[in-house]
There are 2 protein chains.
Amino acid sequence: MKIDDLLKSPSEWVKADGPNSKIVMSSRVRLARNIRDHPFPGWAKKVERQKLLDVIQPVVEALPEMADHFGDSMDNISAIHKQVLVERHLISREHAAKNVGSGVVISDRETISVMVNEEDHLRMQAIKSGLQLKTIFKIIDRVDTELEEHLDFAFSPKLGYLTACPTNVGTGMRGSAMLHLPGMVLSDQINQVVQAVNKLGLAVRGLYGEGTEALGNVFQVSNQTTLGEKEMEVVERLNKVVLQIVEHEENARITLLEKKPKLVYDQIGRAYGILTNAHTVSSKEALNLLSLVRMGVDLEIFPAMARATVDEMFILSQPAHVQRAAARKLTAEERDILRAELIRTQLATIPKPDLSHRPRGDGGRAEPE
Amino acid sequence: MKIDDLLKSPSEWVKADGPNSKIVMSSRVRLARNIRDHPFPGWAKKVERQKLLDVIQPVVEALPEMADHFGDSMDNISAIHKQVLVERHLISREHAAKNVGSGVVISDRETISVMVNEEDHLRMQAIKSGLQLKTIFKIIDRVDTELEEHLDFAFSPKLGYLTACPTNVGTGMRGSAMLHLPGMVLSDQINQVVQAVNKLGLAVRGLYGEGTEALGNVFQVSNQTTLGEKEMEVVERLNKVVLQIVEHEENARITLLEKKPKLVYDQIGRAYGILTNAHTVSSKEALNLLSLVRMGVDLEIFPAMARATVDEMFILSQPAHVQRAAARKLTAEERDILRAELIRTQLATIPKPDLSHRPRGDGGRAEPE
């Protein structure tokens, strides 16, 4: 399929229909693989990379999981489309900078994507809504097995899969969950949780991975180690920690609502009020306000169906998605204006907040005048 | 009438139906008068003040303009009611601190009010919506004439009316207009205008007079001098300057809309969005946001009938009015919560902003996805 066909609907994983999707926005597992006796992409010459791409790309495109797919060489994809793929978490920021000699294959519903010649010869991922790391691992494990029937992966009986960066040697696996934690941010508990998670050998990062800000109160939790542990053990450990964080977040929200109900309702109300009435909104402000509206869905101020709309806006309000919605090249200022318009239009489909859900601690009612 | 009957509906002057009420919220004229051969209130003993009050109060209450009125001694009025009268611009902050020996008489629609034993024996004012200084002067001039038939005012053929403070000697008259100038504030022209107006011998002050902030972009312009000029000349001069300020404000808005349309629409939209969705709002924030919604009415984003609602909220969102709306004593925090609720309820009667009024400079339209 063409890239425009791929991108015309939102990714399957933003449908917010997975288990625990109230707090866990998505789960992702990726595997790093390399072809035996060929230099890693960072060391290979352009000709070698191109040769290997010509071998790998058809194998990936022939997978049963890729019955309907988008696939191309990176030099055929426009800068704006590359950025859109980054914003959908389908390729890395590093891969978006690649051109001749690198490629990408993405399944119909965007659940599976494979980067060819990123840091490793193959980086394959599966991503789904909610907390379903085990299911996802099984999907990508199967893709891995199918590919291995046609490709000779670099593997050491002692170390496991060999990778360009030593931090990936072994399983080559990185599992991660994208968590929405406004309750812990609002109650200043987030740093404690990040430290505790780090001590368990897991990493906590921002919305777009390593070195990015936790915009919109979204945090990614992932495993750090790839050696000395079986894939399923790592996945199960990660799953367990994520469930604990979910519980902490739920408690933080309950406490907040008990102690400062009006603060919570006020912040959610203001966020909704601004997003439905502003005429210029930056992507950073959009994420932070959308986060509060998302918590409003969890608190039943907005109907449950609104969660998917908000999650879509998390992606659609990103710069390249906004740029793509315009017929022409936009300045940053024009983008902020169009973003505000897109969000207003989308949020207009959500019914007005249900203010009859009055939290306790309500400060007196108005006398009829 | 009882004070609760007086206060149950908003003052006539906030109906926003006077001439030029788009920019001129109200006009007011007050006269200071004293009884011959009696010490000014600040010098008089309590007994003397009480004696004079017993003479003046019945005369004022017998005026034909006061056919239906509220009148009482200040010690009979509760602290909260006094504050409500201040917020409605019917008595001064200084008069609210008075007790035995001082009184007030206010006409049915709150157009005319007379303070007895404030700084002078009598301070009488008329207030109306929009720019109608001449009409108002005639109203209060007639009250003055009627009172003079029964009371012997201290008058010097050389100086005119004698007053406690030399700045009022002569006409004892202070005319003022309350102007809503968000266009000049947003375009940083307000200081220039204030300086120019000062050079013309007029004073510019904040919403609640001398030494108060210009909250909600509301400024009071008044005459400084009371000597050497006839009342009608002062009124006409003040009227002329106000008309010039109105023209400046209109131009400032036109320029703003031409140069930064999205900024204007954004600020108005956000103000409306916050006020219709917030759960805690301070009185300062309320005034500043209401000011922007008021400008939205002028720009036809909201229907014209909304102007009176907004002007009412300017008064009803003040602390004592909010306190009065509750059945019990509120903390500042509870007041902010109730204020938010009152404003949400009131603004719900205004139709949603008409976003089809798109200003020029619109940054591209969304592609249907």
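**Figure 1. Chain A is assigned two domains, 3-252 and 260-347.** In this predicted model, the assignment gives domain 1 of chain A residues 3-252 and domain 2 of chain A residues 260-347. The C-alpha centres of the two domains of chain A lie 26 Å apart. Where they meet, 30 residues of domain 1 of chain A are in contact with 21 residues of domain 2 of chain A.

**Figure 2. Helices α5(A) and α8(A) cross at roughly 155°.** This close-up takes in α5 of chain A (residues 133-148) and α8 of chain A (residues 231-259), whose axes come within 9 Å. Angles over 145 degrees count as roughly antiparallel, and α5(A) and α8(A) are therefore roughly antiparallel to each other. The crossing of α5(A) past α8(A) is right-handed. On the α5(A) side, the contact is made by Leu133(A), Lys134(A), Phe137(A) and Lys138(A). Facing them from α8(A) are Glu231(A), Met232(A), Val235(A), Glu236(A), Leu238(A) and Asn239(A). Sorted by class, the residues of this contact between α5(A) and α8(A) are five nonpolar, one polar and four charged.

**Figure 3. Chain B holds an open sheet of eight strands.** To follow the sheet across chain B, trace the order β2-β3-β4-β5-β1-β8-β10-β9, in which the pairing is antiparallel. At the edges stand β2 (69-73) and β9 (202-205) of chain B; each has a single partner strand, so one side of each is left without a neighbour in the sheet. On average, neighbouring strands of this sheet are turned by 15° against each other, direction ignored.

**Figure 4. Strands β4 and β5 of chain B, with helices packed on the sheet.** β4 of chain B (residues 112-116) runs antiparallel to β5 of chain B (residues 122-129), and five bridges join the two strands. One residue to look for is Ile112(B), whose bridge partner in β5(B) is Ala126(B). Helix α5 of chain B (residues 133-148) packs on the sheet, where it touches β1 (24-33), β4, β5 and β8 (173-180) of chain B. The direction of α5(B) makes about 150° with that of β5(B). Helix α7 of chain B (residues 190-199) also packs on the sheet, touching β9 and β10 (218-223) of chain B, and its direction makes about 145° with that of β9(B).

**Figure 5. Helices α8(B) and α9(B) cross at roughly 105°.** The axes of α8 (residues 231-259) and α9 (residues 261-275) of chain B come within 5 Å. Angles of 65 to 115 degrees count as roughly perpendicular, and α8(B) and α9(B) are therefore roughly perpendicular to each other. From α8(B), the contact draws on Leu256(B), Leu257(B), Glu258(B) and Lys259(B), while α9(B) supplies Pro261(B), Val264(B) and Tyr265(B). The classes in this contact of α8(B) with α9(B) are five nonpolar, no polar and two charged residues.

**Figure 6. Helices α10(B) and α11(B) cross at roughly 165°.** Here α10 (residues 283-298) and α11 (residues 306-316) of chain B bring their axes within 9 Å. The two helices, α10(B) and α11(B), are therefore roughly antiparallel to each other, and α10(B) passes α11(B) in a left-handed crossing. In α10(B), look for Leu287(B), Leu290(B), Ser291(B), Val293(B), Arg294(B), Val297(B) and Asp298(B). They meet Ala306(B), Arg307(B), Val310(B), Asp311(B), Met313(B) and Phe314(B) in α11(B). The contact of α10(B) with α11(B) divides into eight nonpolar, one polar and four charged residues.

How values were computed
Residues numbered from 1 in each chain as written. Chains lettered and ligands numbered in written order. Predicted model: local features only at pLDDT ≥ 70, side-chain atom pairs only at ≥ 80, totals over all residues. Heavy atoms only, no water. Pairing = 2+ DSSP bridges. Helix = DSSP H or I, 4+ residues; strand = E, 2+ residues; numbered from the N terminus. Axes fitted to C-alpha atoms, helices over the stretch in contact; angles between N-to-C directions. Contact = heavy atoms within 4.5 Å. Parallel < 35°, antiparallel > 145°, perpendicular 65-115°, else oblique. Left-handed = near helix turned anticlockwise from the far one by under 90°. Nonpolar A, V, L, I, M, F, W, Y, C, P; charged D, E, K, R; others polar. Domains from an automatic or database assignment.
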